[in-house]
Structures are given as C-alpha cells and as structure tokens.
Amino acid sequence: MSIKTAAILGGAFDPVHNDHLALASTCLSLKLCDEVWFVPSPDRWDKTLIASPEERFEMLKLAVGDNPSFIVSDIEINMNDYRGSYVSMQYIQETYPDYHFRLLVGADSYEGIPHWRDPLHFYGTEYNGHLLLRDFELIVFARRGYKEPDLKKHMELGYAPLFWVGREQGFEGMISSTGIRKSFLCSGEKPSGLPAEVYQYILDHNLYRE
Amino acid sequence: MNKNLWILLLCLFGWASSQEASDAATTSANTTGNKMPFVLGGVLETGSGVLANGDHGIGLIRVTPMIGAWINGLGYLRLGYGFNNYVQDPDEGEKREIEQRDFSAQLGISLGFGPYLQGSYTRAKNLSDAGDVAWNEYGLGLGSFFQLGIKSALVFEIEYRFISEHYDPFEKETISGTRLQMNIGFVVYVY
C-alpha cells in the first residue's frame, strides 16, 4: 500500500476564509501533498475564540464542500485540551500510520516555533518547538509582512525539510480571520474572501456580531 | 576548570567537614543567635560529566542565588533561581546566544551540627532562537555547613546528578547521563 502525504492545516478557523482554500489548492497543485487536512483547534489557552469548536468545524465542512482531497478532521477538537502542534502532530501520526504528514504554518508562526511548548506539562515549561522542527516536515506559506524562512539556516540546525509556498508559487496570503470578524462588526455585509456558504452560516447562527 | 582546582575544592570540603565535626560537641544551634531560620545565599556548581550546555567534561555548571530556611542540627529547605546569558562561538556555523534559566529545590537533613545529606531537583532551561529546551536534574549528595560568624556560613557539597533525556538543537543529539558535582556556596541569616 502506498503511503499518502497529507498536509495538516491547523488553526482556529474563526472563521475559515478563501485564503485557507487557496492555500490548500496550491499545495495540491505543487504536489506537496495528496490531501489537505483541515484540523480546527479546540478552545485555546492562548487566544479567545468567538465561535465554538462545533461551529468552526461546521463552517469548514461547508467551505470545503465535496472536494475529495480536502478532509475536515475533528481529531484535535476531540483531544479537548489544546496542547500545541507537536503533541497534536504526534497523535495524528500515531493514529494514521499509513500517512506521511507535513505541517502547514504561516511565515508569521514559523519564527516563533522554536519557542513553542506544551502548556499543560511541567507548568508550561515543556518546550517542544525544536522537536516539531526536527520531526515533521513543514510547508511554510506567505503572510503579509513576513519574510521567507532562511532555508539554509533551517537545514544547518538539523531540522526536517521545509517547503515554501509564496507569491512565486501562486499564493499570497492577504486575508485574515481577524479582518473578516472586524468587517462583520463594522458593516454586517459579506466580507470579501469569505465563502458564500460560510457567510450564510454566520448569519443563520448570528456569529461575530459582538 | 582544571583538575587541580577540582582537587583543591575537594580538600576544602574535607577540611570544612572536619572543622564542623570537632566543633559540634561544644556548639549548639543557639550560637547563631538568630531568631528566624531564613537565609539568603548563592551556590556555585562545578562538575564532571554532562554539563549544562550539553558538553561532556569538567566545568562550571551554574551559579544559583537562593533563599531558604536553614536550622542547624535539623536540616534545610532552599529554593534557587539562576540566570545566565552567554554566547557560544562554534568552529562552524553562527554564534549562538543562549539564555540559561534554572529553578532548583534542595532538601537537606542534618547528620550532626555540620554535615548533611541532601537531595535536589533542578528544572533547567536553555532558551535560544534554535529552540527552547528544558530538562530535569535529580541529585543526591553530602554537604557540610561551615560557620563563618554569627550570621553567615559557607557550604561545601559533593553531589551526584542524574540528567534526564532531552534533545539539544545545537549538539543535534539527545543528551542524558550523570554528573559528579561539587558545590560551593554561602548563606547569610536574615531576620
């Protein structure tokens, strides 16, 4: 049996927007993966989320539609406690041994990975960002205002291979969930970059109005 | 740190222990004249084995300021927090700026007026742009308390440390092992 490569796109998805979908499509077209798994996080210790995990999961399913290469997974939501990407990636890899997983992260997040930690272990001093860099391949995507990672330095430190998805590869991260939420607060009209199905879900469930 | 200094420290420890043992018969805890057993101080840790930067050898481990409660003839509990920033300049690659942070807790049980048995725990951290790393150290040892005056004392300790497994992003290898330590410190009674 051939091993499939899946790119894990984690995050809050509060709400999901078109850049998430464009990024996933770009990764597939560049053959960086065979599938993209959208893995929404549970409620988090480090940021306040507006929509519930169930609502964010439902919005993702609506946005993804019936694309067979896009998988929406509740595996991290069902872990209940948010313990950071390294613990999640380990758990996902152990649960699906027939897959080869890569982690999708924004260029803004990449810079902070060496300082990531498991917040629920050893009073938050169980640092594991360097283990994430060592054990899992990354697909780093462009974020406005953040530069491309130094691939040479990354490899010198003995970390796993890294792939860059930026403007040259056909992706330019311009939309943010924060911007969409702000747009809702200001006008209530459909913000650009929000899938129509997700917009309707937000209206039906009266989200992002406070 | 060279081996001669290591031997000198060992001799000092032995001398201090013998001094305290001979004094023990004629001295009591009351000679400190202190109303409360609270102490401030610091400990310099040197050792042979796995060092704090992941190297193997002989060298300085860390310097740890501490506070605690110390009752002569009974024992002590002390807590320390050490911090040290340093730069490593390897033969290959870029310079490495590392922030070292260590929290430690030590419990000692007196074997008389001077000597004591001690157990220690340290949560050590090396923070850098290459990756933050934290690990545990557990130690068992023997020490001696050497009164300098009414309100101050030197401490000499020999300790065997067990260093838990952790990955060092600079060495690019998993580190674990043991270390024989010699600690020199001082305490001042405050009240």
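This is a predicted model: local features need pLDDT of at least 70, side-chain atom pairs count only at pLDDT 80 or more; totals for chains, interfaces and linings use all residues.
Strand S7 (residues 137–141) of chain A runs parallel to S8(A), and four bridges join them. Two strands pair if DSSP finds at least two bridges between them; helices (H or I, at least four residues) and strands (E, at least two) are DSSP runs, numbered from the N terminus.

In chain A, six strands form an open sheet with parallel pairing, in the order S3-S2-S1-S4-S7-S8.

| Edge strand of chain A | Residues |
|---|---|
| S3 | residues 70–72 |
| S8 | residues 162–165 |

From one strand to the next, the twist averages 25 degrees.

Chain A contributes 14 residues to the contact and chain B 17 residues (heavy atoms within 4.5 Å). About 1,400 Å² is buried between chain A and chain B, 51% of it on carbon and sulfur atoms; buried area is the accessible area (1.4 Å probe) that two parts lose on being put together, summed over both.

One salt bridge is counted between the chains: the side chains of A:Glu126 and B:Arg123 meet at 2.9 Å, N to O. The term requires a side-chain nitrogen of Lys or Arg within 4 Å of a carboxyl oxygen of Asp or Glu.

Residues are numbered from 1 along each chain as its sequence is written, and chains are lettered from A in the order in which they are written. Local features need pLDDT of at least 70, side-chain atom pairs count only at pLDDT 80 or more, and totals for chains, interfaces and linings use all residues, while side-chain values use heavy atoms, with hydrogens and water left out.

Methods. Axes are lines fitted to C-alpha atoms, for helices over the stretch in contact, and angles run from 0 to 180 degrees between N-to-C directions.
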